[in-house]
Amino acid sequence: MFRILIVDDSPTILASMSGILSSAGYAVERAANAEEALKKIQSGLSPALVITDYHMPGMHGVQLIQELRKLTQTRFTPMLVLTTESQQEKRDEARKAGATGWLVKPVQADKLLQVVRQVAPSLQACAA
Amino acid sequence: MSARILAVANRKGGTAKTTTVVNLAAALAHRGLRVLLVDLDSQGHAGLGFGVRASPGEPTVHDLYRGSGAADLARAVRSTVVPQVDILPADRGFPGPDGAVVPLALATALKPVAEAYAVTLIDTAPTADALLVNALASAQHVLVPTQLHHLAVDGVGQFARSYFRVATTLNAELRGLSIMPIQVDLRITMQREALERLEHRFGRERLLPGIRPDIALAEAFGREMPLRYFKPRSRAVQDFDALCSHVMEKVLSI
């Protein structure tokens, strides 16, 4: 099963994004922080797309992407950064770390689904 | 609308079209995007850049231009050494099309195959033939690699006429042309002058970040892999990463 992994320390955002993606037919896995996300992937989860918050306690989202790019199963996985920041320097930092793109909070459902379809179009056919 | 199918084209030869396709595809894959290459140049060098050759009788993109032209391109797709990059290989023995080429032949056949990819890059031959028209009729954006010398402005100008002809007659989705300087060394006066003329004629917003000279780009073809797998710290890898970021933001709108 192809899954989208969402990483965010806010239960509200985890619930709302999971709801949007699940309603659209995607299978979703959640993690409350970067460390939990890494543990899930090291335990065998192979997500088809990662969406991570930027600001989290402990490891932040861009650091998580740097770590995931070192792992075989996520080396080529599309990864989106969720942030309240829209400054160019944050985007450049994310790109250098290997981010595929970003979503600026608050994320609207149609924008979220549009970006998911854009960066991972093959997921559409695999959606449940 | 953001572009998803990009043609890399210039009627002039030796402008690093294939080098661009191979190394930009690798850079996009390393940002997590699944990429399809279309090797429309029957020299098949984009395929060689990924270690892929179609043996005689195996399906290729050039099957579209034989007989009835009713080729199923999905059957021709091959995986490469890079997990996120697939290729529609060339027929290296392609003698030329059988009869007249339908201008939208590639566009029609490619559309369902390209839907599974975030980006499709089409490599083209350095000619102004029916296959170039097919490539432009399939794309939403064109990257034009060019050296910075006195003929560059004229050459890009000639190519731009083909681009506008296709955009106004065959393909209303073809909405962008970007110029990509190669072998850039701005210590050379001629190059600075050529760059100024390109900016003046086509606009600064159409100019992409350039690629500096790096012999490692040619050496990588000998290893049949993109440069980042052969010499990951080389300056051309840095340049292609900067180009990739620009293309993702300004062309693909990701």
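Predicted model: local features only at pLDDT ≥ 70, side-chain atom pairs only at ≥ 80, totals over all residues.
Reader: What makes helix H1 (residues 17–30) and helix H9 (residues 235–251) of chain B a crossing pair, and at what angle do they cross?
Author: Their axes come within 9 Å and cross at roughly 70°. An axis here is a line fitted to C-alpha atoms over the stretch in contact, and angles run from 0 to 180 degrees between N-to-C directions. Residues are numbered from 1 along each chain as its sequence is written, with chains lettered from A and ligands numbered from 1 in the order written.

Reader: Why is that pair called roughly perpendicular?
Author: Angles under 35 degrees count as roughly parallel, over 145 as roughly antiparallel, 65 to 115 as roughly perpendicular and the rest as oblique. The angle is roughly 70°, so H1(B) and H9(B) get the roughly perpendicular label. The crossing is right-handed, a name for the near helix being turned clockwise from the far one by less than a right angle (anticlockwise is left-handed).

Reader: Which residues meet there?
Author: B:Asn23, B:Leu24, B:Ala27 and B:Leu28 of H1(B) meet B:Phe240, B:Asp241, B:Leu243, B:Cys244 and B:Val247 of H9(B). Contact means C-beta atoms, placed from the backbone, within 7 Å. By class that gives seven nonpolar, one polar and one charged. Ala, Val, Leu, Ile, Met, Phe, Trp, Tyr, Cys and Pro count as nonpolar, Asp, Glu, Lys and Arg as charged, and the others, Gly among them, as polar.

Reader: And what makes H5(B) (150–169) and helix H6 (residues 189–202) of chain B roughly parallel?
Author: They pack at about 25°, with axes 8 Å apart, and that angle falls on the parallel side of the cut-off, so the pair counts as roughly parallel. H5(B) passes H6(B) in a right-handed crossing. The contact has seven nonpolar, two polar and two charged residues.

Reader: How do you know that helix H4 of chain B is largely enclosed?
Author: Eight of the nine residues of H4(B) (130–138) are buried, so the rest of the structure largely encloses it. Buried means 20 or more other C-beta atoms within 10 Å of a residue's own, exposed 12 or fewer, and partly exposed in between. The buried residues pack against S1 (5–8), H3 (105–114), S5 (119–123), S6 (141–147) and H5 (150–169) of chain B.

Reader: Is B:Ala220 buried or exposed, and why?
Author: Buried, because 25 other C-beta atoms lie within 10 Å. B:Ala220 sits in helix H7 (residues 216–223) of chain B and touches B:Met225, B:Pro226, B:Leu227 and B:Phe230, leaving aside residues up to four places away in sequence.

Reader: How many residues does each chain bring to the contact between them?
Author: Chain B brings 15 residues and chain A twelve. The chain B side has seven nonpolar, five polar and three charged residues. The predictor gives the complex an ipTM of 0.89 and a pTM of 0.94.

How values were computed:
Helix = DSSP H or I, 4+ residues; strand = E, 2+ residues; numbered from the N terminus. Contact = placed C-beta atoms within 7 Å.
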